[in-house]
Amino acid sequence: DAEITQSPRHKITETGRQVTLACHQTWNHNNMFWYRQDLGHGLRLIHYSYGVQDTNKGEVSDGYSVSRSNTEDLPLTLESAASSQTSVYFCASSAGTTGTEAFFGQGTRLTVV
Amino acid sequence: AQTVTQSQPEMSVQEAETVTLSCTYDTSENNYYLFWYKQPPSRQMILVIRQEAYKQQNATENRFSVNFQKAAKSFSLKISDSQLGDTAMYFCAYNAGNMLTFGGGTRLMVKP
């Protein structure tokens with residue numbers, strides 16, 4: 001079965017360190033997204049990609065970067081981790097048609113100390 | 001920019017009763033989609049129901065149904081015969097183009 005997986009599930013890091021969260025999907029979807037989930041804010045869009053070599057900034061992109069070198073992967077990098085980036089991060093993918101279901105990974109809980 | 005508002009941070013309902021979760025949104029688009037996602041304690045995001053804006057008929061999926069009021073930009077979720085397994089966070093989401101915009105969520109507790 002096709003799936004979307006994130007790793008790691010949990011991570012603790014120190015302020016100032018670079019951190020990369022992995023996202024891998026086997027749906028062969030063109031669209032991939034990174035969201036962060038914080039209490040009271042729901043899920044907010046960080047970055048998204050509509051295909052290989054395409055990346056775009058979302059609502060809360062400061063301090064984050066992504067790259068899309070193949071269809072399956074969209075890693076999220078925190079350039080210099082800050083305590084404000086402590087959150088649960090979700091990766092999602094969808095086919096290229098408006099209104100189609102987005103499939104989500106299991107989430108990564110990141111704690112910056 | 002589109003915004004999605006869920007005005008009820010927390011709700012509770014007795015098992016077997018019916019509960020309605022509210023959602024309003026703001027958009028200038030005429031063609032779009034609306035979704036309700038469920039997030040149980042496992043953190044997994046699960047699609048509950050989807051509504052296409054150009055369809056007047058309200059979507060239903062078993063015990064879940066929506067009341068879509070396009071002019072009022074309202075999209076509420078009704079859960080009938082609530083079950084303990086319905087305990088979760090529920091997110092309303094808007095989609096025009098390829099990305100989803102989420103509301104802040106409603107935490108639903110189903111009590112035995």
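B:Val66 stands opposite B:Leu77, a residue of strand E9 of chain B. Strands here are DSSP runs of E with at least two residues, numbered from the N terminus, and two strands pair if DSSP finds at least two bridges between them. This is a predicted model in which local features need pLDDT of at least 70 and side-chain atom pairs count only at pLDDT 80 or more, while totals for chains, interfaces and linings use all residues. Residues are numbered from 1 along each chain as its sequence is written, chains are lettered from A and ligands numbered from 1 in the order in which they are written, and side-chain values use heavy atoms, with hydrogens and water left out.

**Strand pairing in chain B**

- Strand E8 (residues 64–69) of chain B is antiparallel to strand E9 (residues 74–79) of chain B, and six bridges hold the pairing.
- Four residues lie between the strands in the hairpin of E8(B) and E9(B), and B:Lys73 in this hairpin has a positive phi near 55 degrees.
- Strand E7 (residues 60–61) of chain B also runs antiparallel to E8(B), with two bridges between them.
- In that pairing, B:Thr60 is placed opposite B:Ser65 of E8(B).
- The hairpin of E7(B) and E8(B) has two residues between its strands, and B:Asn62 in the turn shows a positive phi of about 55 degrees.

**Interface of chain B and chain A**

- Chain B contributes 21 residues to the contact and chain A contributes 30 residues, where contact means heavy atoms within 4.5 Å.
- About 1900 Å² is buried between chain B and chain A, and carbon and sulfur atoms give 51% of that area; buried area is the accessible area (1.4 Å probe) that two parts lose on being put together, summed over both.
- On the chain B side, the residues that lose the most area to chain A are B:Arg43, B:Asn98 and B:Met99, which together account for 38% of what that side buries.
- Six residue pairs are in polar contact between chain B and chain A, both residues being at pLDDT 80 or more. A polar contact is a pair of N or O atoms within 3.5 Å; within protein, one must be able to donate a hydrogen and the other to accept it, and residues adjacent in sequence count only if both atoms are side-chain atoms.
- Strands E5 (33–39), E6 (46–52), E10 (88–95) and E11 (100–102) of chain B are the elements that give two or more residues to the side of chain B that touches chain A.
- E5(B) gives the most to this side, with four residues.
- The side of chain B that touches chain A has ten nonpolar, eight polar and three charged residues. Ala, Val, Leu, Ile, Met, Phe, Trp, Tyr, Cys and Pro count as nonpolar, Asp, Glu, Lys and Arg as charged, and the others, Gly among them, as polar.

**Backbone exceptions in loops**

- Most residues other than glycine have a negative phi, and most peptide bonds are trans.
- The peptide bond between A:Ser7 and A:Pro8 is cis, with omega about -5 degrees.
- A:Pro8 lies in the loop between strand E1 (4–7) and strand E2 (10–13) of chain A.
- A:Gln53 is not a glycine but has a positive phi of about 70 degrees, and A:Gln53 sits in the loop between strand E5 (42–51) and strand E6 (54–57) of chain A.
- A:Gln53 counts as exposed because its relative accessibility is 64%; the classes are buried under 20% relative accessible area, exposed over 50%, and partly exposed in between (1.4 Å probe, protein chains only).
- B:Asp81, also not a glycine, has a positive phi of about 50 degrees and is located in the loop between E9 and E10 of chain B.
- At 40% relative accessibility, B:Asp81 is partly exposed.

**Salt bridges**

- Over all chains the count is six salt bridges.
- B:Asp86 and B:Arg63 form a salt bridge whose closest N and O atoms are 2.8 Å apart.
- This pair links distant parts of the chain, 23 residues apart: B:Asp86 is in the loop between E9 and E10 of chain B, and B:Arg63 is in the loop between E7 and E8 of chain B.
- B:Asp86 and B:Arg63 are both buried.
- A:Asp38 forms a salt bridge with A:Arg36, with 2.8 Å between the closest N and O atoms, and both residues are buried.
- A network of salt bridges links A:Arg36, A:Asp38 and A:Arg44.
- A:Arg17 and A:Glu14 form a salt bridge with the closest N and O atoms 3.4 Å apart.
- A:Arg17 is partly exposed at a relative accessible area of 48%, and A:Glu14 is partly exposed at 44% relative accessibility.

Terms used: A salt bridge is a side-chain nitrogen of Lys or Arg within 4 Å of a carboxyl oxygen of Asp or Glu.
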